[in-house]
Amino acid sequence: MPSFPRPGSVTVCEINRDLITAEELSDDGAKETYGKVLGIVFSPVPFQSENLSSALSPEQGAIDGLNQRKSGLLWAALQTVSTGSHFFRPIDVKLLQDVGFHGLGWHQHKHILAFISGLHQVTIRDYEDSEGKNPCALINESQKDVRSLAWRPNGGRTLSVACKRGICIWAASYQGNAPSVRSGVTLGTLSRGSGTKWTLVDFLRSPEHEQITALSWSPNGRYLASASFESSSFIIWDVAQGVGTPIRRGLGGISLLRWSPSGDYFFSAKFDGTFYLWEINTWTSEPWSSTNGFVTGAAWDLDGSRILIAFSESSTLGSIHFATRPPSLDAHLIPVELPEIQSLTGRCFRVLYNI
């Protein structure tokens, strides 16, 4: 476990599980740290958005004020570094501290960054595109109130964007090799900016027309799960067919979804502190509950046999691992203590139990 940055310092990157910090960010500092390792320095992406904070729901508590904004930037840096293989300078974008809100994401295999840059806008910076000197903005009349985004696994340059009434599916468009738009859909709108163009190839319309707030792709990229805190169910989409199947279990107020890397299990969490472990063969589940607040983050290990969970009111993580192979839901909890965080926050682990 790497040591935590001291108060007042800025996390620049992660190298071999060590967090590299500095008193302030600079290009020289970047070159001296991760630039030597990667041979590339990811330049910052400046942008201005007066309406970005209004895109966040009251339940999610948008960050306001200078001190909170700095905390949000640090959270964004740690969140992205911990879930990808890339190193970067934090982007000047307001994110949430207390919700697993995916407003920024690196492509899994390419040096491409996507982030929410406005109420109805997503910006993409492709560092591998020699012609793309400037970021590219994804804008379309179907893309309203953007809340979350996720890159499609095994789908090349394909990005899903959660918004009002459904999900926009964008794909990179190359000269002489434009992506196909799903039959019966008339949405082929190009993005604005230099370099690679992006085409809106589909809009997965939610049956209840609610605000989509959470996304998670299956590891093979065939299915996409979506949810909303306004709905009592989450939906599993067969993206190629454009067909969604609601999974209804009285699950109102869903805040987070995570598909396991093996594809055998699925995780969903609610704002009231309860969460569910699912096996996908029959879509049966086991409910769990916590008095540590609601789930703010969850990450599966590579083989999908355990999941690490963070809570809004605790500095101790919960590690839940399956005792037997799928489709079994027999699972056990192991608390993961973080004494350095506890000494800073004064918070401790309370109760997490299967119900």
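Begin by selecting S319, which is buried at 10% relative accessibility (buried means under 20% relative accessible area, exposed over 50%, partly exposed in between, with a 1.4 Å probe and protein chains only). S319 sits in strand β21, residues 317-322; helices (H or I, at least four residues) and strands (E, at least two) are DSSP runs, numbered from the N terminus. Now show what surrounds S319: leaving aside neighbours within four places in sequence, S319 is in contact with R306, I307, L308, H332, L333, I334 and V336 (contact means heavy atoms within 4.5 Å).

A word on what you are looking at: this is a predicted model, in which local features need pLDDT of at least 70 and side-chain atom pairs count only at pLDDT 80 or more, while totals for chains, interfaces and linings use all residues. Residues are numbered from 1 along each chain as its sequence is written, and side-chain values use heavy atoms, with hydrogens and water left out.

**The whole chain**

Zoom out for a moment. The protein has 3 helices and 23 strands. Of its 355 residues, 50% are buried. Among contacts with a separation of 6 or more, 48% join residues 24 or more positions apart.

**A hairpin at β1 and β2**

Select residues 10-15 and 18-22, which are strands β1 and β2, running antiparallel and joined by 5 bridges. The two strands form a hairpin with 2 residues between them, and N16 in the turn has a positive phi of about 50°. Strands count as paired if DSSP finds at least two bridges between them.

**The largest nonpolar core**

Which residues touch the most other members of the largest nonpolar core? Select V122, I124, L138, L159 and W198, from a core of 19 residues. Such a core is a set of buried Ala, Val, Leu, Ile, Met, Phe, Trp, Tyr and Cys residues joined through side-chain atoms within 4.5 Å. Colour the elements that give two or more residues to this core: β4 (112-118), β5 (121-126), β6 (136-138), β7 (148-151), β8 (158-163), β9 (166-173) and β10 (197-205). Then centre on L159, which touches A114, V122, I124, L138, L149, A150, W151, C168, I169 and W170, not counting residues up to four places away in sequence. A second, separate core has 17 residues, including A269, L277, F322 and L329.

**The sheet β7 to β10**

Keep β7, β8, β9 and β10 on screen: these 4 strands form an open sheet in that order, with antiparallel pairing. β7 and β10 are at the edges with a single partner strand each, so one side of each is left without a neighbour in the sheet. Neighbouring strands here are turned by 25° against each other on average, direction ignored (axes are lines fitted to C-alpha atoms, for helices over the stretch in contact, and angles run from 0 to 180 degrees between N-to-C directions). Look at β9 and β10, joined by 8 bridges; I167 has L204 of β10 as its bridge partner.

**Two loop residues**

Is N140 buried or exposed? N140 is buried, with a relative accessible area of 8%, and lies in the loop between β6 and β7. Its side chain reaches the backbone nitrogen of S142 at 2.8 Å.

Next, move to H209, in the loop between β10 and β11. H209 is partly exposed, at 41% relative accessibility. Beyond its neighbours within four places in sequence, H209 is in contact with K164 and R165.

**The sheet β11 to β14**

Another open sheet has 4 strands in the order β11-β12-β13-β14, with antiparallel pairing. Its edge strands are β11 (214-217) and β14 (243-248). Between them, select Y223 and its bridge partner D238 in β13.

**Aromatic rings**

Finish with the rings. The structure holds 17 aromatic pairs, where rings of Phe, Tyr and Trp (its six-membered ring) pair if their centres lie within 6.5 Å; planes under 30 degrees apart count as stacked, over 60 as edge-to-face and the rest as tilted. F267 and F275 form a tilted pair, 5.4 Å centre to centre with 40° between the planes, and both residues are buried. Last, select F234, W259, F266, Y276, W278 and W283, which form one aromatic cluster.

Terms used
Polar contact = N/O pair within 3.5 Å; in protein donor to acceptor, adjacent residues only side chain to side chain.
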